[in-house]
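Biologist: I have just opened this one and would like to be walked through it slowly. Could you put it up on the screen first?

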Amino acid sequence: MKEKNNRNEHPQINEYMKACGFKTPEKMLPQHKAWCAAFVTWVYKQCNISVPVKSGAAAVMTWNAMSAQRIRPGEAVLPGDAVTYKQWSHIELVRHWPLDPRITYFFSTGGNTTAGAKQHGVYVNIQRSKSFVRNTIRLIR
């Protein structure tokens, strides 16, 4: 899914917002649809994985507050874990996290990102620096 005008206008975004409990997201102003966290929520729900919050799951700060779901120090980061970032308010899903500590990057899948392209949308295999990660959240136990 790619946005035509980078204005949060793609109809699929409304489906992501509905997964977070918004009943009529089509009535929301596009600038109020920062949808990266809604995308992550939608993915988990498509896989029948329970997300511990409702409409707050559309906000990255809500995911950062999920202390009980954060992985513990020393625990391996796994595909399907969610990561938030230090540099910006954004969340993505881990696709591949190299266990070798000499490898300083990982690959993610995310929505509402350009992933280095010109169009916002959903991208797979986004290369990110491990040092950018603020929190790693695990809903699959």
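Biologist: What does helix 2 lie across?

Modeller: Helix 2 (residues 36-46) lies across strand 1, strand 2 (91-96), strand 3 (105-113), strand 4 and strand 5, and runs at about 50° to strand 2. Helices (H or I, at least four residues) and strands (E, at least two) are DSSP runs, numbered from the N terminus, while axes are lines fitted to C-alpha atoms, for helices over the stretch in contact, with angles from 0 to 180 degrees between N-to-C directions.

Biologist: Before I go on, what kind of model is this?

Modeller: This is a predicted model, in which local features need pLDDT of at least 70 and side-chain atom pairs count only at pLDDT 80 or more, whereas totals for chains, interfaces and linings use all residues. Residues are numbered from 1 along each chain as its sequence is written, and side-chain values use heavy atoms, with hydrogens and water left out.

Biologist: At what angle do helix 1 and helix 2 pack?

Modeller: Helix 1 (residues 12-19) packs against helix 2 at an angle of about 70°, and their axes are 8 Å apart. The two helices are therefore roughly perpendicular to each other, where angles under 35 degrees count as roughly parallel, over 145 as roughly antiparallel, 65 to 115 as roughly perpendicular and the rest as oblique.

Biologist: Which residues meet there?

Modeller: From helix 1, Gln12, Glu15, Tyr16, Met17 and Ala19 meet Ala38, Phe39, Thr41, Trp42 and Lys45 of helix 2, contact being heavy atoms within 4.5 Å.

Biologist: Switching to the sheet, in what order do the strands come?

Modeller: The order is 4-3-2-1-5 in an open sheet of 5 strands, and the pairing is antiparallel; two strands pair if DSSP finds at least two bridges between them. Strand 4 (121-129) and strand 5 (133-137) stand at the edges with a single partner strand each, so one side of each is left without a neighbour in the sheet. Neighbouring strands are turned by 35° against each other on average, direction ignored.

Biologist: How many bridges join strand 3 to strand 4?

Modeller: There are 7 bridges between strand 3 and strand 4, while 3 bridges join strand 2 to strand 3. Ser108 of strand 3 is the bridge partner of Val94, and Ser108 also stands opposite Ile126 in strand 4. Strand 3 is mostly covered, with 7 of its 9 residues buried.

Biologist: What about strand 1 and strand 5, how many bridges there?

Modeller: Strand 1 (residues 82-85) and strand 5 run antiparallel and are joined by 4 bridges. Ala82 has Ile137 of strand 5 as its bridge partner, and Thr84 stands opposite Asn135.

Biologist: Last one: is His90 buried or exposed?

Modeller: His90 is buried, with a relative accessible area of 4%, and is found in the loop between strand 1 and strand 2. The side chains of His90 and Glu92 are joined by a polar contact of 2.9 Å. Such a contact is a pair of N or O atoms within 3.5 Å; within protein, one must be able to donate a hydrogen and the other to accept it, and residues adjacent in sequence count only if both atoms are side-chain atoms.

Technical notes
Buried < 20%, exposed > 50% of the residue type's maximum accessible area, 1.4 Å probe, protein only.
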